Each structure stands twice: as structure tokens, then as C-alpha cells.
Amino acid sequence: MASQADYIEKMQLRQNYRNFWHTDLTGTIAAHPPYCCFSIFCGPCVSYLLRKRALYNDMSRYTCCGGYMPCSGKCGESHCPEACLCTEVFCCFANSVASTRFMLQDEFNIQTTECDNCIIGFMLCLSQLACICSIIACLLGSEELQEASDIVSFLSNLVYCTVCACMQTQHKLELDKRDGRFGPQPAMAVPPTQQMSRINQPIPPPVVYPPPAAYGQPFGQPPPPLVQGYPLLPPHPAQSYPPPPQFQGYPPPGYPPQPPPGQYR
């Protein structure tokens, strides 16, 4: 069990991720409208497909809620992972979406932008407000409060479905980027099997780029310009070839050969 100090330290380290999502939440609808509509009307099915893709289609690596919840690893995932995943996406839909998001962020060192944080925070605050209004209306028994509570609940559900659909579309675009559907990407190995807790997962190593000397340039100078992702090679030295033979007329001298003296021609 990780101590409180380790918990705080690792959470702070994960806030320093340098990569970004391929598309933020505000641009997912324009980036992939059909998939966003699919996510709105069939969110659990989309969550199932995205989690399976995030696991590289290897369900032996599956852990309930991605290993981020106390129940992870205790639901019989090793015996029937497909059934456990179906139960997760239908009974704990919000956790399934969030778990897939955490998995992708930890794998690719992706940070969440301030705009995305504001949208997700607004969704959570509106859900809490709808819950509080429902409790107050139930305790007081007022019809006016009940109508106001229904309106707030409707708005909360609308925002919740919209934000979850945008998040899942964002995850889909990131997986498409990983799988090379947007062009060649840097080669990446399959990460190790999920751990039991996100806090216990090792911190990914920082990305280290080769020094400019690796490109054949002295240290402190930029590398040569790239052409389609490859460094320019130095020009080959000019090769000289022997000149073609020069003939002095035709036939050449000594042809045809003459017979030795004393023999008939």
C-alpha cells in the first residue's frame, strides 16, 4: 500500500505530462461528427469498444475500471473478462469512460488542458447541483421546487451525455493516432499489463531526444532539415568511369589473323 506522501508525489508528477490530446473536447464534434453521434446514442457500446482497443484487443490484460477503483481485480476478470467489461460499461458507465481516459493519459503522457478541465468540472458540479435540488424538493414536497429540480436534472443529464460523447470521441481519435490512421507515428511497444492501482503504476520515463551530434552536426548547432521525416544525407562524391575504347577504323589492326608462312590460305 502506497503511503500518503507517495500518493501525493505521484499525482503531482502526473500533472507534468507534456503531450496533448489529438483534439480537445471542444473540437471533437467537428473532427468526427458520426462517431460523436454514435457515442451519444450508444455510449456503453462505444465504451466497450474503446476499452478493448486501449488494451490492444488483448482481454487477458483487462482489469475492472482499469485498476483505478477499490473493486479492481476482485470481480473475476481473469475468468470472464468480456462479461465483466459489459457489466462495467452498463452499470458503471462514467467510471468506464474515466478509466479508459486515465489509461490513455498514463500510456502516452497526455495532460488535460484547462479548457477540458473546466468542461468536466462544470459537468460534475451540475450533476451535484441536480442531486441537491432533488433532495430538497423531495424533503419539502413543493411542486415549484420539484419542477425546478426536474429542469436542473434535465440540463445535467444533457450536459453529461454530451460531455461523455465528446470524451469518447476524443479517446477514439487518440487511438486512431496510436494505430497509425493519421500517418506514420513513432514505433511504440505494447505497455505492460495493467496494475491494480493507478497510484502504484510506475511513472513513465521522460522522453529523451538524441543530441544534435547524432545527426552529424557539432554540438550546439541545429540538425539538418528533414525531408518527409528523414535527415538529408550528404551528397555522394562524383564517380568517374573509364572512357570508352577508341577504335582506329574497322576492322581493327591484326584482324583477321594471318596464317604462318608455308601454309595455304
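Axes in this talk are lines fitted to C-alpha atoms, for helices over the stretch in contact, and angles run from 0 to 180 degrees between N-to-C directions. Helices (H or I, at least four residues) and strands (E, at least two) are DSSP runs, numbered from the N terminus.

Good morning. The structure above is a predicted model, in which local features need pLDDT of at least 70 and side-chain atom pairs count only at pLDDT 80 or more, while totals for chains, interfaces and linings use all residues. Residues are numbered from 1 along each chain as its sequence is written, and side-chain values use heavy atoms, with hydrogens and water left out.

I begin with the overall picture. The protein chain has eight helices and two strands, in the order α-α-α-α-α-α-α-α-β-β from the N terminus on. Of its 265 residues, 29% count as buried, where buried means under 20% relative accessible area, exposed over 50%, and partly exposed in between (1.4 Å probe, protein chains only). A contact means heavy atoms within 4.5 Å. Among contacts in the protein chain with a separation of 6 or more, 73% come from residues 24 or more positions apart.

Let me turn to helix packing. Two packed helices are described by the angle between their axes and the distance between the axes. The axes of helix α4 (residues 43-54) and α8 come within 10 Å and cross at roughly 30°. That angle makes α4 roughly parallel to α8; angles under 35 degrees count as roughly parallel, over 145 as roughly antiparallel, 65 to 115 as roughly perpendicular and the rest as oblique. The crossing of α4 and α8 is left-handed, a term used if the near helix is turned anticlockwise from the far one by less than a right angle, with right-handed used if clockwise.

Which residues in α4 and α8 meet? On the α4 side they are G43, V46, S47, L50, R53 and A54, and on the α8 side Q168, H171, K172, L175, D176 and R178. The residues of this contact divide into four nonpolar, four polar and four charged. For these classes, Ala, Val, Leu, Ile, Met, Phe, Trp, Tyr, Cys and Pro count as nonpolar, Asp, Glu, Lys and Arg as charged, and the others, Gly among them, as polar.

Helix α8 (residues 143-178) also packs with helix α3 (residues 33-41), at an angle of about 130° and with the axes 8 Å apart. The helices α3 and α8 are therefore oblique to each other, and the crossing of α3 and α8 is right-handed. From α3, the residues Y35, C36, S39 and I40 meet A165, C166, Q168, T169 and K172 in α8. By class, the contact of α3 with α8 has five nonpolar, three polar and one charged residues.

Two individual residues deserve a moment. S47, in helix α4, is buried, with a relative accessible area of 1%. Beyond its neighbours within four places in sequence, S47 is in contact with V89, F93, S96, V97 and Q168. S47 and V97 are 50 residues apart in sequence, and their C-alpha atoms are 6.2 Å apart in space. T100, in helix α6, is buried at 2% relative accessibility. Leaving aside neighbours within four places in sequence, T100 is in contact with L50, R51, A54 and H171.

Next, the aromatic rings. Rings of Phe, Tyr and Trp (its six-membered ring) pair if their centres lie within 6.5 Å; planes under 30 degrees apart count as stacked, over 60 as edge-to-face and the rest as tilted. By this rule, how many aromatic pairs are there? The count comes to two. The ring centres of Y35 and F38 are 5.9 Å apart and the planes stand at 85°, so this pair is edge-to-face. Both residues lie in helix α3, three residues apart, about one turn of the helix. Y35 is buried at 12% relative accessibility, whereas F38 is partly exposed at 36%. F93 and Y160 also form an edge-to-face pair, 6.5 Å centre to centre with 75° between the planes. F93 lies in helix α6 (residues 93-108) and Y160 in helix α8, so the pair ties together parts that are 67 residues apart in sequence. F93 is buried at 16%, and Y160 is partly exposed at 25%.

I close with the backbone. Most residues other than glycine have a negative phi. N57, in the loop between α4 and α5 (81-91), has a positive phi of about 60° and is exposed at 54%. N109 has a positive phi near 55°; N109 lies in the loop between α6 and α7 (114-140) and is buried at 14%.
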